[in-house]
Amino acid sequence: MLPEGVTIDPLTGHISPSTGKYTKRLSEFRGIYRDEKALDALLKEQGDLVTYEVVEYRADGSDLFFGTTTMMPGRVGDEYFMTRGHYHARQDRGEIYYTQSGEGILLLHSRDGQTREVDMKPGVCAFIPPDWAHRSVNTGKSRLVFVWCCSQDAGHDYAEIASKGMRKLVVAKEDAAACIPNPRFQV
Ligand code: PAN
Ligand code: ZN
């Protein structure tokens, strides 16, 4: 392993050099957005849009790794484009999210039921404590780009949020973002 300067484009999330990437598309969010009809209509009108892209820089053998998430602007009904959301597989591993451009809301909840929201905007570095579920939501009109950094062994546990959802939803109310309790969340 050798030290290295990695270039990150704050508007596109492009990383150079990078070691991996993936994209997520609208159709993968069936059952996650509450307005199924709006999802079907959007898929029909616009096709299977990429809603976010994750690019990473990983050095084998290092404890830490980092990358970017670039989220497109958009809505499904009154819900904004968002990430899947997850706990880390390891309950003793936190993370940071440092917003580079755009605006959004980071939704978090702890295993014991506390909820928090952190505004995502350039200059704000969000601290995600160990064992808090986290989902980012792009509430703006442009891309939301943030740099994340965590332990390589943190892992992802998607199952719980996929089945129960987050405790809160971010919805557009008269074009402003509002956090409301998720009526479908079950303890
Ligand atoms: C981030 C997220 C990324 C995409 O790198 O994985 O923003 O969100 P989902 O994984 O919830 O789809 C992170 O939190 N890693 O631990
Ligand atoms: Zn995470």
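R184 is partly exposed, with a relative accessible area of 44%; partly exposed covers the range between buried (under 20%) and exposed (over 50%), using a 1.4 Å probe and protein chains only. The model is predicted, so local features need pLDDT of at least 70 and side-chain atom pairs count only at pLDDT 80 or more, while totals for chains, interfaces and linings use all residues. Residues are numbered from 1 along each chain as its sequence is written, ligands are numbered from 1 in the order in which they are written, and side-chain values use heavy atoms, without hydrogens and water.

R184 lies in the segment after β15 (176–181); strands are DSSP runs of E with at least two residues, helices are runs of H or I with at least four, and both are numbered from the N terminus. Apart from neighbours within four places in sequence, R184 is in contact with G31, I32, Y33, R34 and K164, where contact means heavy atoms within 4.5 Å. A polar atom of the R184 side chain lies 3.2 Å from the backbone oxygen of I32.

## The zinc site

H86 (NE2), H88 (NE2), E95 (OE) and H134 (NE2) coordinate the zinc ion (ligand 2) at 2.1 to 2.3 Å. Donors are N, O and S atoms within 2.8 Å of the metal (3.2 Å for Na, K and Ca). E95 in strand β8 (residues 95–101) and H134 in strand β12 (residues 132–138) are 39 residues apart and link distant parts of the chain. Both E95 and H134 are buried.

## Ligand 1

Ligand 1 is surrounded by 16 residues, and the closest are Y52, T69, R84, Y97 and Y158; a residue is counted if one of its heavy atoms lies within 4 Å. An oxygen atom of ligand 1 is 2.5 Å from a polar side-chain atom of Y52. The side chain of E95 has an N or O atom 2.9 Å from an oxygen atom of ligand 1, and for H156 the corresponding distance is 3.2 Å.

## The nonpolar core

The largest nonpolar core has 36 residues, and L26, V76, Y97, L106 and F146 have the most contacts inside it. Such a core is a set of buried Ala, Val, Leu, Ile, Met, Phe, Trp, Tyr and Cys residues joined through side-chain atoms within 4.5 Å. Among the elements giving two or more residues to this core are α1 (36–46), β4 (50–57) and β13 (144–151).

Conventions:
Polar contact = N/O pair within 3.5 Å; in protein donor to acceptor, adjacent residues only side chain to side chain.
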